[in-house]
Amino acid sequence: MQDFQNVQITCVGHSGSSLLNLVLGAHSQITSTGELMSLQNVYSYENCACGRRLNNCPFWQEVIGLVTTSVAISPDRFSHALPMRDGAYRHRRTAAQRCHELLLLTANRHTLPIFKSLVGGVRRSLFAASNNYNVLAAVARLAGTSVVVDSSKNPFRTRSLFFAHPDDLRVIHMVRDGRAVARSWVKAYGKFDYAGAARQWLYRDSAIRMAIRDIPESRRIRLRYEDLCRSPETALDRICDFLGLEYEPEMISYLAGDRHDVHINLRPLHQQSEIQLDERWKEEVTSDQMSRFARIAGKLNRLYGYK
């Protein structure tokens, strides 16, 4: 199997992972996949960034062909026989699913075999992680690149990939001012008020920190969305150095070329000709909301350098 770096962008949603995925994918030695676990929907409604449905995209059909051939099944059984996600990745989760998420986060090399033998959800997560890794390896082989970037974001999936293939895993923990993320959540998902969105940000980012806690520091890095937007060359040079690559100026022209990212919304990015910092939240968040956020999640936000 070809050696490659499996780079997982792990963050809370609405933190800039789509932008980072596309910028990194513009490097000549990097292939970005978008949210790879959405490849599960290959025979339903999902589109590729190239504009085709996934089941009509030559790139993804060739990837699926490589993976299914290696395990001697037909490509049309890919979604059913080789799941890319399990119950731990659903927004609405049962108590049992939450329990198995907690087991994944707290497991280590010694306790994982015990949890795996006793809990079906843990076994399913590890099986899905193995399938994801095989797809990532097929992408690296087909694209001929040494780095594959996946912006699925999910910390439980990242944890499972760490257990499955620790040596190839690299993690970019992307953060954004929690007050901006909370505002985006309120606008995108009407079920949250600002305090509820702040709690979600705190919970989800804390889960990420727990998921990557014992990944060696040489294999993980933190990037702030604001730093990427204010000084893209500096931020990207730092990420490239982390991956053992040279920075390429072409990365700034991230929408050029033929893209095959999964579950990436290119529409807002096509409306701008360069990387731009979005700070509209500063005009939209009230002083009362600011105070509530500070009480709920201010400590973690300050840890990331946000005043």
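Visitor: Which residue does arginine 157 meet in a salt bridge?

Guide: In this predicted model, the side chain of arginine 157 meets that of aspartate 150, with N and O 2.6 Å apart.

Visitor: How do I read the setting of that pair: is arginine 157 buried or exposed?

Guide: Look at relative accessible area, where a value under 20% means buried. Arginine 157 has 0% and so counts as buried. Aspartate 150 is buried too, because its value is 0%.

Visitor: How many salt bridges are there by this rule?

Guide: The count comes to 13. Another of them joins aspartate 214 to arginine 159, whose closest N and O atoms are 2.5 Å apart. It links distant parts of the chain: aspartate 214 belongs to the loop between α9 and β5, arginine 159 to helix α7, and 55 residues separate them. With a relative accessible area of 34%, aspartate 214 is partly exposed, whereas arginine 159 is buried at 0%.

Visitor: Which residue forms a salt bridge with glutamate 284?

Guide: That is lysine 187, and the closest N and O atoms of the two lie 3.5 Å apart. Here too distant parts of the chain are linked, with glutamate 284 in helix α13 and lysine 187 in helix α8, 97 residues apart. Glutamate 284 is partly exposed at 29%, and lysine 187 is partly exposed at 47%. Shared partners then join Arg183, Lys187 and Glu284 into one network of salt bridges.

Visitor: Let's turn to rings. How many aromatic pairs does a search of the whole structure find?

Guide: It finds eight. To read one, take the distance between ring centres and the angle between planes; over 60 degrees counts as edge-to-face. Phenylalanine 59 and tryptophan 60 are such a pair, at 5.2 Å centre to centre and 85° between the planes. Phenylalanine 59 is buried at 15%, and tryptophan 60 is buried at 0%.

Visitor: Where does the charged end of arginine 109 sit?

Guide: Over the ring of phenylalanine 162, 5.3 Å from its centre. Arginine 176 lies over the face of tyrosine 225, at 4.6 Å from the ring centre.

Visitor: How do I check the length of a helix such as α2, and what should its 13 residues span?

Guide: Multiply 1.5 Å by one less than the number of residues. For α2, residues 58-70, this gives 18 Å, and the end C-alpha atoms are 18 Å apart, so the two agree. Buried residues in α2 include Phe59, Trp60, Val63 and Ile64, and what covers the buried residues includes α3 and α6. Just after the helix, alanine 72 takes a positive phi of about 60°.

Visitor: Which residues touch the most other members of the largest nonpolar core?

Guide: Val122, Trp201 and Phe293 do, within a core of 37 residues. Helix α9 gives the largest share, seven residues. Beyond its neighbours within four places in sequence, phenylalanine 293 is in contact with residues including Ala182, Tyr194, Ala198 and Trp201. Apart from this core lies another, of 29 residues, among them Val7, Cys229, Leu236 and Ile264.

Conventions. Residues numbered from 1 in each chain as written. Predicted model: local features only at pLDDT ≥ 70, side-chain atom pairs only at ≥ 80, totals over all residues. Heavy atoms only, no water. Phe/Tyr/Trp six-rings, centres within 6.5 Å; stacked < 30°, edge-to-face > 60°. Buried < 20%, exposed > 50% of the residue type's maximum accessible area, 1.4 Å probe, protein only. Lys NZ or Arg CZ within 6 Å of the ring centre and 35° of its normal. Helix = DSSP H or I, 4+ residues; strand = E, 2+ residues; numbered from the N terminus. Contact = heavy atoms within 4.5 Å. Core = buried A, V, L, I, M, F, W, Y, C linked by side-chain atoms within 4.5 Å. Salt bridge = Lys/Arg side-chain N within 4 Å of Asp/Glu carboxyl O.
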